[in-house]
Amino acid sequence: MHDDHDAEQVPVGPPDGATTATAEAGDHDTRFFGQPWALAHVFGVEMWERFSFYGMQGILLLYMYYTVAEGGLGIDQAVATGIVGAYGGAVYLSTILGAWVADRLLGSERVLFYSAIVIMAGHVALALLPSVWGLGIGLVLVAVGSGGLKANATSVVGTLYGAKDTRRDAGFSLFYLGINLGAFFGPLVTGWLQSSVGFHWGFGAAAVGMALGLLQYSFGRKQLPEQARIVPNPLPRDRRVLFAGIGLGGVVVVVALVLAGVIRADNLAGIVILVTLAAAIAYFFVILASRHISGDERSRVFGFIPLFIVNVGFWSLYQQQFTVLTVYSDQRLDRMIGDWEMPVPWINSINPIFIIILSGVFAAIWTRLGSRQPSTPVKFALGAIIMGCAFLLFLPFAGGGPNSTPLLAIIGILLVFTIAELFISPVGLSASTKLAPERFHTQMVALYFLSVALGTAIAGWLAQFYDPENEVPYFTVLGLIAIALGAALLVAVRPVLKLMRGVR
């Protein structure tokens with residue numbers, strides 16, 4: 001479905017220095033649709049995590065800006081969309097923390113397990129704790145937990161296969177199906193519960209879903225290979241106290257800034273944007289200034305910069321599915337089917353259907369084209385241009401009253417969203433690994449996630465400028481900016497490929 005779905009397809013092998021003996025020994029295990037049975041356990045926890053994540057996100061914005069009489073919190077709509085964007089950006093920032101904890105302290109499997117527990121606690125907080133405090137505690141827990149799980153689920157799946165196992169790509173495709181099944185059913189269940197019996201029942205369903213995934217995984221995790229538990233680059237014991245102190249100090253500073261009123265709900269998206277931008281600049285500087293990379297490697301990092309910028313632009317539009325499109329579906333969309341009105345969150349289940357249908361089509365096209373398929377910069381450019389066109393498709397319906405936009409129109413626009421996603425998202429993480437210097441693989445993957453975090457936070461910040469009474473400027477300006485970004489990259493394809501030094 002979304003950004004993480006495609007990123008998580010990228011096959012990842014055992015951690016550095018790990019033996020593949022266990023994975024090779026499991027090669028003959030075909031009990032899960034021809035794949036190792038252990039895949040079923042990761043498939044299950046990831047499917048239920050996506051069920052709970054997108055189920056909760058489908059009703060989150062409505063919960064914030066609906067009035068108290070409607071079961072919501074009555075937060076200003078512009079502030080609420082900013083919070084959703086900041087939360088989405090924080091999820092991707094947390095993937096960096098989750099990857100670091102796995103690499104230096106606990107290993108991928110343990111981080112995945114503990115992250116699932118944190119996610120469930122977050123959904124329980126949203127379901128049971130009242131007011132804005134329940135919202136804050138729940139979102140922090142879900143963001144941190146989802147980041148940890150997202151960063152490590154792929155690595156755990158990669159440990160199930162030996163280096164020469166031809167089933168690897170098929171196994172990741174099955175894993176990807178689980179992601180989209182969860183993303184499809186989550187908003188359907190929580191949306192129905194929200195519209196029937198209230199928001200907290202919807203959040204409760206997300207908690208139950210995560211509990212089911214955690215229960216299944218807790219029974220099956222012992223069957224995972226030992227490589228999944230290896231800590232690739234252990235932090236020396238004498239440095240653990242220092243890092244624990246830095247982490248605790250960071251938490252204290254954030255709490256102090258919240259209590260002092262520096263970090264507020266109405267500026268949260270802006271703060272996440274600034275923090276993410278600073279982190280990205282720092283990462284680029286550290287890599288490019290390193291004396292341990294060759295001239296070719298440095299050139300490839302420079303070649304990644306225009307891809308990074310276009311990726312930020314793409315996600316800043318695409319992630320408005322959870323901000324502007326939610327408001328639009330609530331206030332503009334005709335959701336009546338006969339005498340029955342479709343719940344607003346069900347709109348979020350349309351995209352995964354298209355992804356399930358079209359991802360195989362795109363994979364077949366790229367396979368058939370082989371070396372003749374478009375290069376990575378061309379795919380990025382086309383993805384941004386198509387995303388911009390998707391925003392322009394809102395214009396024929398702009399200025400209409402309540403229930404003025406036909407459901408089929410939104411389905412068509414979301415189809416264009418999906419086509420744009422399939423041009424840019426599946427190759428994004430792959431490109432970051434191919435362009436990464438030998439000594440900075442993790443940092444380049446972190447940079448990819450920072451581009452998604454930055455785009456997601458910007459999506460929340462931009463939504464404050466959306467005015468249902470004057471939609472034309474919003475959709476026109478953003479659509480044209482995305483098209484211009486893509487067109488600029490198309491013009492620059494040759495110099496960018498030259499910088500990429502043989503990587504397509």
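Trainee: Which residues of helix α13 are called buried?

Mentor: The buried residues of α13 are Ile-350, Asn-351, Pro-352, Phe-354, Ile-355, Leu-358, Ser-359, Phe-362 and Trp-366. Buried means under 20% relative accessible area, exposed means over 50%, and partly exposed lies in between (1.4 Å probe, protein chains only). The model is predicted, with local features needing pLDDT of at least 70 and side-chain atom pairs pLDDT 80 or more, while totals for chains, interfaces and linings use all residues. Residues are numbered from 1 along each chain as its sequence is written, and side-chain values use heavy atoms, without hydrogens and water.

Trainee: Where is the kink in α13 centred?

Mentor: The kink, of about 35°, is centred on Leu-358. A bend is the angle between axes fitted to the seven residues ending at a residue and the seven starting there. Just after α13, Gly-370 takes a positive phi of about 55°.

Trainee: Why does Leu-149 count as buried?

Mentor: Its relative accessibility is 0%, and Leu-149 therefore counts as buried. Leu-149 belongs to helix α6 (residues 131–158). Apart from neighbours within four places in sequence, Leu-149 is in contact (heavy atoms within 4.5 Å) with Glu-46, Glu-49, Leu-112, Ser-115, Ala-116 and Ile-119.

Trainee: What makes Ser-329 buried?

Mentor: Ser-329 has a relative accessible area of 1%, which is why this residue is buried. Ser-329 sits in helix α12 (residues 324–331). Beyond neighbours within four places in sequence, the contacts of Ser-329 are Arg-335, Val-344 and Ile-347.

Trainee: Why does Leu-97 count as partly exposed?

Mentor: Leu-97, at 49% relative accessibility, therefore counts as partly exposed. This residue lies in helix α4 (residues 77–106).

Trainee: Which residues make the nonpolar surface patch of about 260 Å²?

Mentor: Leu-97, Val-140 and Val-144 make the patch. Patch residues have over 30% relative accessible area and no salt bridge; like charges are joined within 9 Å, and nonpolar side chains (Val, Leu, Ile, Met, Phe, Trp, Tyr) within 5 Å. A salt bridge is a side-chain nitrogen of Lys or Arg within 4 Å of a carboxyl oxygen of Asp or Glu. Accessible areas come from the Shrake-Rupley method with a 1.4 Å probe, and for residues only the protein chains shown count as cover.

Key. Helix = DSSP H or I, 4+ residues; strand = E, 2+ residues; numbered from the N terminus.
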